[in-house]
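The entries follow the order in which I looked things up.

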Amino acid sequence: MPLFEFTDASALLGTVREVDTRKVSIQVNSDEDLRKAKVGQLVALQVASGVDTWLIAFIDKVMKSVVSNSSPNDEQTAEKNESDEDQENTINSVKLTLVGTTRWIAEKQQTVFSRSLVQVPDIQAKCYVLHDQQLENFMSILATSGVKSNSLALGKYTLNDSATAYLDGNKFFQRHAALLGSTGSGKSWTVAAILEQAALLPSSNLVVFDLHGEYKNLSYARQLRIPGPEELGKSSDELLYLPYWLLNADEMQALFIDRSEFSAHNQVMAFQDAVIEEKKATLSTLDKQQILSAFTLDSPIPFSIEKVIGTLSDLNDEMEQGARGLKQGKFYGQFSRLLTRISSKLTDKRYGFLFGAPSSEHQYDSMAKMVAKLMDYNADKAQIKVIDFSEVPSDILPVIVSLVARIIYQVQFWTNHETRRPIALVCDEAHLYLPKKEGQNPVELRAIEAFEKIAKEGRKYGVALLIVSQRPSDVSTTVLSQCNNVIALRLTNGDDQTTVKKLMPESLESLLDVLPIMDVGEALVVGDAVLLPSRVKINPPNEKPLSATIDFWSVWQQQSDEPDFVGAVENMRKQGRS
Ligand SMILES: Nc1ncnc2c1ncn2[C@@H]1O[C@H](COP(=O)(O)OP(=O)(O)OP(=O)(O)O)[C@@H](O)[C@H]1O
Ligand SMILES: [Mg+2]
């Protein structure tokens, strides 16, 4: 059965007048025909050769242009014959972007759609608008070719809401994805919709960075949380400590050393030596000979930061024997500021997740336990891990989030190739910890670089990023530009729209004009994970994230008790809501 049969003239839009690879211009003969064309609609173009082969395109632009008439005597004739003038002096045309080809494949006894263009249309080829039955036929091809074992049902096509829009789950995660949209456009709901489906797979593995505690009610997820100041020193399955000895040399330097100081170089050397000595001490006590001979400054091995401070302060106070009695040692007084800085970080409760862990977290095998919390997937509810960062102060957010991401990436890197299983990091509100590099301090730079590394090399080791943000123009360009699939929800800000446009292939730019006018929960999905770049109404998740938009006016209409302001002030003082 042929895919499209355009027996009556009602679907005919016009004929091809101009072809420029993916862009096609159609000549439309009457105003009536022109009215059939709506921007965003799909059309089919006849192909001369090839039985039942059609080129599919989007309508970009519908135009009725007036052509100025130059002959001098025209004024008179025009007045005489007004209706004629109308026809002579306007050109009706429609601009299209070609998106793919449908073809009958005899061996499969099936019509398939592919994104490649077998050929460009011929001049004068007929162009038909797809609606009703024809549109349904085409959408059902999309839907049936979309249902594969690896498909992720995202929602319904806006063009035809009986057709389910699928994402290819392999391609979506293989080369990173971005989910972008203004605040309240439906990003968190989309994340929940994707998580919900992933949770059904027996060994899926996703870690969600939850910045506002929006996902803490999801019943299918394991909930982890960075301990707040109140919880320091307590040990529990939910609490995720990141002991300081997990930091690599770069991160530690960024945290403790002020590059602008005169003695910075000496500080780095002395600090590193002291850390190496303490790591060595740990390994010797445990008799880890193999590791002793190979470990580096970057190796995550527990050591005592107090002892490092001790060594540095000895050097700082050291006097040595000179020719005329005692004189100041080589490093005398050079580490005073460093020591103050370290001790202020150690006592800063906000850094408690690094320095305030109970001793059970500082054991040699604690790291493997922590990694299992983050990365296992066989236990109950373990496929989806939600890490709640909602009580972490914003200035240290980049450090923590990137530390978690880096550890996951490195463990993945060092896992044997044969046993390595893919894992995806869902970075909600990415603009908060993955900003552009300009103007960031050294600690933040390290954090951003950790993510950039994952963006660039994660694919090879099965680490995928799903970058979610309401401010794409603030997100690191390196990271965003590595995202091969984009789900763009409504975006009203011009800078953000420009950023998203840059992520898309040039031929699709015109599609993006709908970004500011889409409905909540409606998205433009582009990339190799979808058959057709298209507008999709995203399925609401069954379990909703805690992100409801507050209905101010309705709430103000009700009588209600006041919240406990005293309690809120106390929470603010102790930096915790419990
Ligand atoms: N697919 C959808 N269908 C219907 N309504 C939706 C859909 N997605 C979101 N909404 C509505 O929009 C509201 C906000 O959605 P959501 O919290 O996902 O926005 P967001 O983009 O994550 O916002 P923010 O950037 O502020 O985090 C939801 O509470 C819900 O009422
Ligand atoms: Mg959100």
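Entry 1. The model is a predicted one. I began with a helix pair and listed the residues that meet: I305, I309, L312, S313 and N316 on the helix 10 side, and S336, L338, L339, I342, S343 and L346 on the helix 11 side. I sorted the residues of this contact by type and got 7 nonpolar, 4 polar and no charged.

Entry 2. How do the two helices lie against each other? I looked up the axes of helix 10 (residues 305-317) and helix 11 (residues 336-347), which come within 10 Å and cross at roughly 160 degrees. Angles over 145 degrees count as roughly antiparallel, and helix 10 and helix 11 are therefore roughly antiparallel to each other. I noted the crossing of helix 10 and helix 11 as left-handed.

Entry 3. I read 11 strands in an open sheet with mixed pairing, in the order 9-8-20-19-18-10-17-16-11-15-12. Strand 9 (164-168) and strand 12 (222-225) each have a single partner strand, so one side of each is left without a neighbour in the sheet. On average, neighbouring strands of this sheet are turned by 30 degrees against each other, direction ignored.

Entry 4. I picked one pair in the sheet. Strand 8 (residues 151-157) runs antiparallel to strand 20 (residues 534-538), and the two pair over 3 bridges. Opposite K156 I found K537 in strand 20.

Entry 5. Last, I checked what packs on the sheet. Helix 14 (residues 397-414) does, and it touches strand 11 (206-210), strand 15 (384-388), strand 16 (423-427) and strand 17 (463-469). The direction of helix 14 makes about 170 degrees with that of strand 16.

Methods
Residues numbered from 1 in each chain as written. Chains lettered and ligands numbered in written order. Predicted model: local features only at pLDDT ≥ 70, side-chain atom pairs only at ≥ 80, totals over all residues. Pairing = 2+ DSSP bridges. Helix = DSSP H or I, 4+ residues; strand = E, 2+ residues; numbered from the N terminus. Axes fitted to C-alpha atoms, helices over the stretch in contact; angles between N-to-C directions. Contact = placed C-beta atoms within 7 Å. Parallel < 35°, antiparallel > 145°, perpendicular 65-115°, else oblique. Left-handed = near helix turned anticlockwise from the far one by under 90°. Nonpolar A, V, L, I, M, F, W, Y, C, P; charged D, E, K, R; others polar.
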